[in-house]
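Hi everyone, thanks for coming.

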Amino acid sequence: MFDKNNKLRHSISLAAMLALSGLSASAWADAYEDAAKKWIGSEFKPSTLTAEQQLEELKWFIKASEPFRGMSIKVVSETIATHEYESKVLAKAFTEITGIKLTHDLLQEGDVVEKLQTQMQSDKNIYDGWVNDSDLIGTHFRYGKTESITDLMANEGKAYTSPTLDIKDFIGISFTTAPDGKIYQLPDQQFANLYWFRADWFERADLKAKFKEKYGYELGVPVNWSAYEDIAKFFSEDVKEIDGKRVYGHMDYGKKDPSLGWRFTDAWFSMAGAGDKGIPNGLPVDEWGIRVEDCHPVGSSVTRGGDTNGPAAVYATTKYVDWLKKYAPPEAAGMTFSESGPVPSQGNIAQQIFWYTAFTADMTKPGLPVMNADGTPKWRMAPSPKGPYWEEGMKLGYQDAGSWTFLKSTPEKQRLAAWLYAQFVTSKTVSLKKTIVGLTPIRESDINSQAMTDLAPKLGGLVEFYRSPARVQWTPTGTNVPDYPRLAQLWWSHIAEAASGEKTPQQALDGLAKDQDAIMTRLERSKAQATCAPKMNPERDAQYWLDQPGAPKPKLANEKPKGETVSYAELLKSWEAARK
């Protein structure tokens with residue numbers, strides 16, 4: 001513990017500073033409080049707290065930061081709008097209010113993970129705090145390199161844990177809780193992958209009549225993949241042009257690039273119905289197809305009881321390849337994630353089954369072809385449709401939860417100062433304004449605020465989704481994945497083989513499952529993981545596992561049941577009814 005000796009040193013240095021400056025201790029305290037009042041008045045609004053409550057919360061931060069005043073702390077996160085706001089605005093506010101010099105670096109996601117791995121492997125401190133995806137929860141709790149937030153709050157960080165933190169108010173806290181019941185990460189921002197569609201086109205009487213005549217049911221929000229496919233075909237092959245512009249019924253990307261891996265690890269298989277029931281992730285088989293037994297991964301190949309190359313996963317991959325070729329713009333196959341993201345905003349895409357709500361801010365800019373003159377969008381977002389293997393009780397999609405993570409290799413004093421900053425940027429004083437800026441909500445209280453009600457008409461369904469009971473079915477990668485960085489990098493190269501036609505979906509997934517099993521076998525032999533390490537199942541005939549209950553599920557005789565849709569208005573009504 002640094003406390004006793006540090007407080008002595010700090011009191012000497014502070015006394016020296018005060019003597020030199022001629023200011024009293026109370027004057028210094030007033031200066032920090034004045035800074036807090038300035039930020040409350042100029043920046044931290046709206047908030048779910050009153051100005052008086054905000055000041056009380058910030059007074060706690062001023063007092064708690066005393067032992068760390070004058071220190072320089074460095075933290076890092078990926079580059080998205082929410083973190084840009086933290087880096088440019090909140091880091092400055094924190095420095096002025098606490099006296100802790102905070103630098104918040106922004107890097108590409110892959111670089112964050114690479115540096116995180118380096119610190120975990122070398123035990124040499126690179127950053128004092130990290131915002132990294134909760135997808136790494138299975139990695140963090142197994143290696144023993146990550147400080148448990150639960151332990152931090154109960155022990156050395158007890159005096160530095162805000163009484164107004166309100167852990168239960170965080171909507172993603174289950175994502176960052178390990179099988180041992182401990183919280184390992186604190187959610188900082190969240191966004192989901194949802195279904196996106198041109199509501200104005202879907203409401204056109206001529207298109208509705210034409211669709212119903214051909215398919216026998218209403219044009220609306222697709223409930224299943226059959227309807228999504230019918231709608232994709234309809235706009236690409238039957239409608240073809242709207243207002244003289246070529247239109248397409250689907251958008252995706254297919255370039256051989258690391259982002260192609262995210263496209264799949266972000267729950268594509270579970271949307272189709274691969275894996276088992278369970279929220280936040282399927283047990284014993286999750287959406288990556290990895291089976292666990294008593295928290296130990298035992299395999300991802302069907303021959304080991306996994307589902308990475310099972311019939312549902314093969315179906316999901318086949319549909320990805322088919323839809324990309326048949327119904328998306330020709331250039332989509334050569335695009336990466338970042339290149340494809342802005343395409344729907346250009347006005348020629350009817351729907352997208354897999355669209356990240358992180359794009360909401362960019363999709364609502366005035367003057368875009370997908371925006372009305374009054375600032376409301378022509379598009380809406382809704383729950384993604386379900387594949388034929390999906391069963392009630394399964395997760396339905398992915399939710400990214402960038403979360404604060406602290407490593408044991410960081411010196412304790414620096415870790416605790418960074419912990420104060422993590423609490424500051426997620427505090428109720430600032431979280432609502434941060435949500436409005438980045439549109440990545442983390443708190444229930446913010447989602448249900450009047451400010452978000454007022455903003456809802458301009459966000460195309462984002463607020464309604466996060467207020468809906470359906471929200472819980474969108475979850476990040478779970479605890480079955482024992483080493484996210486090593487396993488995730490396998491996906492894009494194998495999926496690219498299917499996307500290019502070099503291999504069939506079955507062949508590509510057989511290779512992926514085999515490589516995942518090889519890495520987990522090496523992890524088992526290395527004994528590098530402190531807890532819940534892999535204990536691989538021996539291989540046996542695939543039919544044995546296909547005959548067992550749950551995943552892997554045998555191939556369905558009919559993978560395209562009748563299409564089913566629902567009107568967007570009825571969908572919203574069902575959400576409202578479920579909330580009451």
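Predicted model: local features only at pLDDT ≥ 70, side-chain atom pairs only at ≥ 80, totals over all residues.

**Helix packing and backbone details**

Let's begin with a helix pair. Helix H10, residues 225-239, and helix H13, residues 311-327, have axes that come within 10 Å and cross at roughly 15 degrees. Angles under 35 degrees count as roughly parallel, and H10 and H13 are therefore roughly parallel to each other. Their crossing is left-handed. If you'd like to colour the contact, on the H10 side pick Trp-225, Tyr-228, Glu-229, Ala-232, Lys-233, Ser-236 and Glu-237. On the H13 side, the partners are Tyr-315, Ala-316, Lys-319, Trp-323 and Tyr-327. Sorted by class, the contact of H10 with H13 has seven nonpolar, one polar and four charged residues.

Now a second pair. Helix H4, residues 81-98, and helix H16, residues 412-425, have axes that come within 11 Å and cross at roughly 120 degrees. H4 and H16 are therefore oblique to each other, and the crossing is right-handed. From H4 we have Glu-86, Leu-90, Ala-91, Ala-93, Phe-94 and Ile-97, and they meet Ala-417, Leu-420, Tyr-421, Phe-424 and Val-425 of H16. By class, that contact of H4 with H16 divides into ten nonpolar residues, no polar ones and one charged.

Which residues of helix H9 are buried? In H9, residues 205-215, they are Leu-207, Phe-211 and Tyr-215. They sit on the same side of H9, because they cover an arc of only 40 degrees around the axis. As a reminder, an α-helix has 3.6 residues a turn, so residues three or four places apart point the same way. Over on the other side of H9, Ala-205 and Glu-213 are exposed. And what covers the buried residues of H9? The cover includes helix H8, 199-202, along with strand E6, 241-242, and our friend H10 from the opening pair.

Helix H11, residues 258-265, is another one to look at. Six of its eight residues are buried, so H11 is largely enclosed by the rest of the structure. Those buried residues are Ser-259, Leu-260, Gly-261, Arg-263, Phe-264 and Thr-265. They pack against helix H12 at 268-272, H13, H14, strand E10 at 351-356 and helix H21 at 484-499. Just after H11, Ala-267 takes a positive phi of about 75 degrees.

While we're here, take a look at Ser-338 in helix H14, residues 337-340. Is Ser-338 buried or exposed? Its relative accessibility is 54%, so Ser-338 counts as exposed. The C-alpha atoms of Ser-338 and Ser-259 are separated by 8.3 Å, although the two residues are 79 apart along the chain. Ser-259, for its part, is one of the buried residues of H11.

Last topic: the loops. Most residues other than glycine have a negative phi, and most peptide bonds are trans. With that in mind, here are some exceptions to check on your screens.

- Lys-45 to Pro-46 is cis, with omega near 5 degrees. Pro-46 lies in the loop between helix H2, 25-42, and helix H3, 51-64.
- Leu-283 to Pro-284 is cis, with omega near 5 degrees. You'll find Pro-284 in the loop between H12 and strand E8, 291-293.

Asp-166 has a phi near 55 degrees and lies in the loop between helix H7, 149-154, and strand E4, 186-197. With 33% relative accessibility, Asp-166 counts as partly exposed. Cys-532 has a positive phi of about 55 degrees as well, although it is not a glycine. Its place is the loop between helix H22, 505-526, and helix H23, 542-546. Where Asp-166 is partly exposed, Cys-532 is buried, with a relative accessible area of 11%.

That's my tour, and I'm happy to take questions!

Notes
Residues numbered from 1 in each chain as written. Heavy atoms only, no water. Axes fitted to C-alpha atoms, helices over the stretch in contact; angles between N-to-C directions. Helix = DSSP H or I, 4+ residues; strand = E, 2+ residues; numbered from the N terminus. Parallel < 35°, antiparallel > 145°, perpendicular 65-115°, else oblique. Left-handed = near helix turned anticlockwise from the far one by under 90°. Contact = heavy atoms within 4.5 Å. Nonpolar A, V, L, I, M, F, W, Y, C, P; charged D, E, K, R; others polar. Buried < 20%, exposed > 50% of the residue type's maximum accessible area, 1.4 Å probe, protein only. Arc of directions from axis to C-beta.
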